[in-house]
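Here is a short briefing on one protein structure. Keep the sequence and the 3D view open as you read.

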Amino acid sequence: MGPLTSIRTMRLWGPRSLGVALGVFMTIGFALQLWGGPFQRRLPGLQLRQPWARSPQPAAASCLPRQRLVFLKTHKSGSSSVLNLLHRYGDRHGLHFALPDRYQFGYPRLFQASRVKGYHPQDKVGGQTPFHILCHHMRFNLKEVLQVMPSDSFFFSIVRDPAALARSAFSYYKSTSSAFRKAPSLAAFLANPRAFYRPGARGDHYARNLLWFDFGLPFPPEMRTKRKNLLLPSPQLHSLPSAAGPQAQNKDLSAVFQPISTVAEGHGRTASPASSDSGSLSFIQWGLAWLDSVFDLVMVAEYFDESLVLLADALCWGLDDVVGFVHNAQAGGEQGHGAAGNGGQTAEERQLTARARAWNHLDWALYVHFNRSLWARIEQYGQNRLEGAVAQLRARREALAKRCLEGGEALDPKYISDRRFRPFQFGSAKVLGYRLRSGLSPGDQEECERLATPELQYKDKLAAKQFPPTVSVPLKTARLLAP
């Protein structure tokens with residue numbers, strides 16, 4: 001088996017267009033001389049293979065809907081809304097989900113195939129397991145994911161501006177993260193995070209670079225905890241990069257690491273979040289390029305509807321397949337998803353935003369990178385075409401809300417008496433949910449229930465459908481049936 005054949009048959013060793021990645025590395029000045037040097041020792045397992053071209057995509061008129069999907073459900077990034085549309089699509093089409101025994105795949109540990117309910121390696125038919133969709137919370141681990149899902153699955157995820165993510169995470173994980181629990185407020189935490197944050201402390205992965213953590217990327221050597229951490233071993237990267245073309249917004253990722261005034265490292269000091277060290281920057285670049293080699297699409301929460309349109313196009317789905325309601329939104333937070341930016345913020349809010357991005361500099365690098373790639377994709381799709389599709393999507397969502405929902409919007413959970421639709425309450429802010437209108441037709445009732453069902457209840461519903469409980473025959477009945 002030659003290198004090219006090996007790459008095509010084993011995503012583990014090189015899933016995407018490596019030639020594009022090398023071009024990007026040359027553009028940003030991190031040429032191939034990095035390979036074989038200290039950087040290779042920093043990312044063990046990252047293999048270099050001969051480049052090969054991405055297979056041409058079928059024309060829209062002849063494409064078939066993609067139904068083998070891997071969605072990395074990142075935390076506090078609008079991923080619950082994406083999960084709902086995947087639940088609905090799979091439910092309608094009779095697809096099989098790779099489900100956890102409870103609600104997460106051993107998070108925050110790295111994903112293991114053995115945690116998938118009903119997974120048996122010996123059951124593979126033609127090298128494939130019976131699962132179509134893998135989409136519940138996990139810390140990404142490509143090697144193990146490929147034990148469950150075929151290498152030609154559509155891999156996608158979603159990111160969010162780390163400043164907005166920090167606000168949501170602080171409220172939601174206040175009782176879970178020791179760093180957040182000790183801080184009186186997010187502003188106080190970001191003013192001097194090292195007074196509260198301890199690498200490796202229980203729950204503190206929620207307090208810094210949560211997206212980078214969820215993507216299963218190893219941390220730069222200078223950020224790794226010095227004490228032994230049995231719970232969260234450093235992951236290995238198992239494939240090699242390809243990268244999407246840069247968008248005009250930030251031509252060079254080094255722009256992300258311009259000095260920011262912060263007191264995170266000391267009073268009034270000016271510090272670069274990534275510490276302008278070329279080794280750290282090259283480490284980040286390789287991590288991002290590796291993600292490009294694995295993920296077919298990374299959505300951006302601040303451009304959620306635009307991302308949904310691109311997702312539908314990539315999957316050869318209709319807009320009705322991706323329309324839905326916002327799930328797991330916190331009361332007092334932003335309903336829906338708005339564009340990122342500092343417009344309309346006070347000076348204090350702008351300072352908090354800058355500090356959050358500096359403290360979560362790896363997440364900020366992820367966000368800038370995938371925001372750029374999203375807009376490159378939008379340009380390819382066509383701006384006018386996209387605007388028309390987004391308008392249709394929003395009109396359809398509004399119509400569904402009027403038809404399905406009491407009050408036409410999300411409600412405080414105290415108004416939701418039906419436990420099937422009452423979302424799990426966690427954190428300091430209430431999690432909003434939906435209440436269905438009465439008098440719906442049977443067809444509307446079924447569709448509206450799917451749209452309004454929170455993620456935990458929907459997961460339980462899917463599990464009951466895929467793994468129906470066995471009915472034991474009562475002893476007396478068994479005796480009557482005996483010959």
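Helices (H or I, at least four residues) and strands (E, at least two) are DSSP runs, numbered from the N terminus. This is a predicted model: local features need pLDDT of at least 70, side-chain atom pairs count only at pLDDT 80 or more, and totals for chains, interfaces and linings use all residues. Residues are numbered from 1 along each chain as its sequence is written, and side-chain values use heavy atoms, with hydrogens and water left out.

**Aromatic pairs**

- A pair of aromatic rings is described by the distance of the centres and the angle of the planes.
- The structure holds 25 aromatic pairs (rings of Phe, Tyr and Trp, the last by its six-membered ring, with centres within 6.5 Å; planes under 30 degrees apart are stacked, over 60 edge-to-face, the rest tilted).
- Y173 and Y206 are stacked, because their ring centres are 3.9 Å apart and their planes meet at 10°.
- Y173 sits in the loop between α6 (162-172) and α7 (178-182), and Y206 in the loop between α8 (186-191) and α9 (210-214), so the pair ties together parts 33 residues apart in sequence.
- Y173 and Y206 are both buried (under 20% relative accessible area; exposed is over 50%, partly exposed in between, with a 1.4 Å probe and protein chains only).
- F325 and Y434 make a tilted pair, with 5.3 Å centre to centre and 45° between the planes.
- F325 lies in the loop between α12 (319-322) and α13 (347-359), and Y434 in the loop between α15 (383-404) and α16 (442-452), so this pair ties together parts 109 residues apart in sequence.
- F325 is buried at 6% relative accessible area, and Y434 is buried at 7%.
- One aromatic cluster is formed by Y107, Y172, Y173, Y206, F213, F424 and F426.

**Charges and polar contacts**

- The charged end of R208 sits over the ring of W359, 3.8 Å from its centre (NZ of Lys or CZ of Arg within 6 Å of the ring centre and within 35 degrees of the ring normal).
- The charged end of K459 sits over the ring of Y103, 5.1 Å from its centre.
- R357 belongs to helix α13 and is buried, with a relative accessible area of 13%.
- The side chains of R357 and D161 are joined by a polar contact of 2.5 Å (a pair of N or O atoms within 3.5 Å; within protein, one must be able to donate a hydrogen and the other to accept it, and residues adjacent in sequence count only if both atoms are side-chain atoms).

**Cavities**

- There are two cavities of 30 Å³ or more (on a 1 Å grid over the protein atoms alone, sets of points where a 1.4 Å probe fits but cannot get out; lining residues have an atom within 4 Å of a point).
- The largest cavity holds about 80 Å³ of space (grid points are joined across faces, edges and corners, and a volume is the space filled by probe spheres set on the points).
- Of its 16 lining residues, A166, F180, Y206, A207 and N360 are the closest to the centre of the largest cavity.
- α6 gives the most to the lining of the largest cavity, with four residues.

**Backbone details**

- A cis peptide bond joins Y107 and P108, with omega about 15°.
- P108 lies in the loop between β2 (97-98) and β3 (133-134).
- C316 is in the loop between α11 (304-315) and α12.
- Phi of C316 is near 60°, a positive value in a residue other than glycine.
- C316 is partly exposed, at 21% relative accessibility.

Terms used
On a 1 Å grid over the protein atoms alone, a cavity is a set of points where a 1.4 Å probe fits but cannot get out, and a pocket is an open set with protein on both sides within 12 Å along at least five of seven lines; lining residues have an atom within 4 Å of a point.
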